Amino acid sequence: NREGEEPVLDIIAGLEAELRSTPNIETRLLCCAVDTAPGSVTLVSVDGTATTLKPVIERIATPHIIMATGCADRLGVFPGNRLPGMIGLGEAYHMAGTYGVWSRAPSLFAGGTNAMYRLALLAKDSGAEIVRLIDHRPTAQSRFIDFAKAMGVHQEFGTRLARGDPATSGTLSARPRPSWHDSAREGHA
């Protein structure tokens with residue numbers, strides 16, 4: 001906050017109190033929406049009341065859902081997604097753009113946006129080794145995809161990351177899976 005302004009955390013607390021006092025609105029903080037369907041959303045939160053942390057999975061049915069995800073970069077949900085070396089696209093883009101930090105290890109980019117291709121091209125220009133790009137969209141097209149092809153970056157379409165495992169050499173091994181089986185959930189034919 002700037003001089004003379006109310007501190008940001010106080011503003012957030014005030015907005016939260018206002019939302020909680022509004023009829024017909026239920027707020028859920030410090031949770032992550034992991035699945036949505038027409039009229040419902042599945043949330044994962046952490047129960048910290050016990051001596052050990054325990055995940056709490058809850059499905060909420062409602063005709064209207066507003067998800068305010070904040071600015072936290074969410075990693076894909078797959079085994080091994082928290083291993084060292086596995087970072088989110090937003091975090092990688094921020095680190096590269098703000099601090100000029102590029103991974104010196106061979107890198108794999110997975111996602112489904114032009115930002116992924118732009119980041120990979122910037123990384124390749126800086127000398128980083130790009131192993132491949134994994135795009136969950138089966139028929140993606142953009143000029144950034146064409147630029148990546150022209151620079152010799154290997155690309156896979158219609159695939160997602162299925163798991164990340166530590167390899168015997170101390171590196172990270174990533175395994176993709178076809179994304180066709182969950183395309184109906186995303187509204188693709």
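**Close-up views of a predicted model**

**View 1. A salt bridge joins Glu156 and Arg132.** The closest N and O atoms of this pair are 2.9 Å apart; a salt bridge is counted where a side-chain nitrogen of Lys or Arg lies within 4 Å of a carboxyl oxygen of Asp or Glu. Glu156 belongs to strand S6 and Arg132 to strand S5, 24 residues apart, and the pair links distant parts of the chain. Strands are DSSP runs of E with at least two residues, helices are runs of H or I with at least four, and both are numbered from the N terminus. Five salt bridges are found in a search of the whole structure. The model is predicted, with local features needing pLDDT of at least 70 and side-chain atom pairs counting only at pLDDT 80 or more, while totals for chains, interfaces and linings use all residues. Residues are numbered from 1 along each chain as its sequence is written, and side-chain values use heavy atoms, leaving out hydrogens and water.

**View 2. Three strands form an open sheet with parallel pairing, in the order S4-S5-S6.** Two strands pair if DSSP finds at least two bridges between them. Strand S4 (107–111) and strand S6 (155–157) are at the edges with a single partner strand each, so one side of each has no neighbour in the sheet. On average, neighbouring strands of this sheet are turned by 15° against each other, direction ignored. Strand S5 (residues 130–135) runs parallel to S6 and is joined to S6 by three bridges. Opposite Ile134 stands Glu156 in S6.

**View 3. Helix H3 (residues 114–125) packs on this sheet.** H3 touches S4, S5 and S6, where contact means heavy atoms within 4.5 Å. The direction of H3 makes about 175° with that of S5; axes are lines fitted to C-alpha atoms, for helices over the stretch in contact, and angles run from 0 to 180 degrees between N-to-C directions.

**View 4. H3 meets helix H4 (residues 143–150), their axes coming within 9 Å.** The axes cross at roughly 30°. H3 and H4 are therefore roughly parallel to each other, a term for angles under 35 degrees. Asn114, Tyr117, Arg118 and Leu121 in H3 are in contact with Phe144, Ile145, Phe147 and Ala148 in H4.

**View 5. A second open sheet of three strands has antiparallel pairing and the order S1-S2-S3.** Its edge strands, strand S1 (31–37) and strand S3 (54–61), each pair on one side only. From one strand to the next, the twist averages 25°. Strand S2 (residues 40–47) runs antiparallel to S3, and eight bridges join the two. Lys54 in S3 is the bridge partner of Asp47.

Notes: Angles under 35 degrees count as roughly parallel, over 145 as roughly antiparallel, 65 to 115 as roughly perpendicular and the rest as oblique.
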